[in-house]
Amino acid sequence: MSRVAATPRARLGWPPLPLRRLRPALHTGVRWKISVAIAVVGALVALALSLVVHNAARVSMLDNARDVQDERIQFVARQYEANGRGLPVGFKVDDPGIPPDLRETAMAGRRATFVSETHGVPDIWAAVPLGDGRLLSVHTRFTDRSATVMKDLDQALIIGSISVVFGGSALGVLIGGQVSRRLRKAAAAAREVAQGRADVRVGDAIGGVVRDETDDLAQAVDAMADALKQRLEAERRVTADIAHELRTPVTGLLTAAELLPPGRPSELVKDRAQAMRTLVEDVLEVARLDSATERAELQDILLGEFVTRRIGARHTDVRVTVVHESEVTTDPRRLERILVNLLANAMKHGRPPVEVSVEGRLVRVRDHGPGFPEDLLEEGPSRFRTGSADRAGQGHGLGLTIAAGQARVLGARLTFRNVRPAGTTTDTPTEGAVAVLWLPEHSPTNTGSFPILRLPD
């Protein structure tokens, strides 16, 4: 008699727990993104494997239980038909509770087993037809020992899944941390390159034995920095060469203008020739500052006395206030150049009164005009760009550029901001422009010590 396993109504045991909706706090760092990604993938893989293992173990146990029931009912059927004695406990003839699918299969003359679910607990059925046309069946519950084994297996799967998730997260933190550190080093090196440190190489800064895409990024940044450096150097040389070549004919032109007879035309020629000479000298100075080879000749001076003597004597209409005197170590010639350019810009593009105040190592130059253009506040001074029409006037945008370059040579910091009434927005008209020179506490050792920054209004 062949054995046929009928399709059960419910073959799966304990249904899986509903998935909890994860709402992790994702950070913007690469480390945490990689960690979260590995943790999520690990959790999905662990969940899938746990379900597969759980179902496979349960099906295997149920198949074993059905095999045992099949062997038992065959043995009891032979004994019952041989001597007609009483049936063991659990065995019945023509049991009315036999599932319809099992009854139909057994009535067709085949031995069969069947699994049904009652309140989540599997019932194992077996039935066989007797010689007189009746049905012999047996019905038992899934054993407690099997249920305990499944419970222990589920606990082991849960612990293993949690371990996989935490292990994957730790691995993600390690891998992401390494990548994040390399990227931070590359970003720091790139910022130094942007500040003028031509000797800094991003590839050397990130280091490391393992090579990955970060090294490709570093090589690309280094190549871009080299290309920009070469281009800027070529532009600086061209500018310096042109200004140098113009220097001699402009000087000759100015000398020839002195020989012209007195009169209005002669004055105009002399004025334009002098303006051209000043422009050529400014362009040459900018080229020298761009080469980053300028060095300060340091002296100890009293800052308040120096500003009062040099600025007050030259500009009698400028009010100089010394709030706090301080002794500084700096280059007097370059410091005077910075202050003269700041005052020239304030008097040309601003409105009186122009005020200069000294507070320790800080020198503040303020006017009461329309304020600095927004692009200057955001990007700093730029040569041959004079700003908006309100504050442009005449000029070539070299005054503040030279002042900023000389400040870098001194290791100082030059900042620009506009003055507005307290509590107002940026749409409110300004009450003047302020340029602040911050001299360093220690003597400058190289150029470019401090960048130009924008202070809040």
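Predicted model: local features only at pLDDT ≥ 70, side-chain atom pairs only at ≥ 80, totals over all residues.
## Confidence along the chain

The protein chain has an average pLDDT of 76. Of its residues, 81% score at least 70. Confidence is lowest in strand 1 (residues 3-5), where the mean is 40. It is highest in strand 10 (residues 362-366), at 91.

Two stretches call for care in reading. Over residues 1-27 the pLDDT is below 50. Beyond near neighbours in sequence, residues 1-27 have 49 contacts in the model. Residues 446-457 also have pLDDT under 50. For residues 446-457, the model has 38 contacts beyond four places in sequence.

## A cis peptide bond

Pro 352 and Pro 353 are joined by a cis peptide bond. Its omega is about 0°. Pro 353 belongs to the loop that runs between helix 8 (332-349) and strand 9 (355-359).

## An aromatic pair

The count is 1 aromatic pair. Phe 372 and Phe 416 have ring centres 5.3 Å apart and planes at 80°, so the pair is edge-to-face. Phe 372 lies in the loop between strand 10 and helix 9 (374-379), and Phe 416 in strand 11 (residues 413-418), so the pair ties together parts 44 residues apart in sequence.

Both partners are buried. Phe 372 has 6% relative accessibility. Phe 416 has 2%.

## A charge over a ring

Arg 413 places its charged end over the ring of Trp 438. The distance from the ring centre is 4.8 Å.

Notes. Residues numbered from 1 in each chain as written. Heavy atoms only, no water. pLDDT = per-residue confidence, 0-100. Helix = DSSP H or I, 4+ residues; strand = E, 2+ residues; numbered from the N terminus. Contact = heavy atoms within 4.5 Å. Phe/Tyr/Trp six-rings, centres within 6.5 Å; stacked < 30°, edge-to-face > 60°. Buried < 20%, exposed > 50% of the residue type's maximum accessible area, 1.4 Å probe, protein only. Lys NZ or Arg CZ within 6 Å of the ring centre and 35° of its normal.
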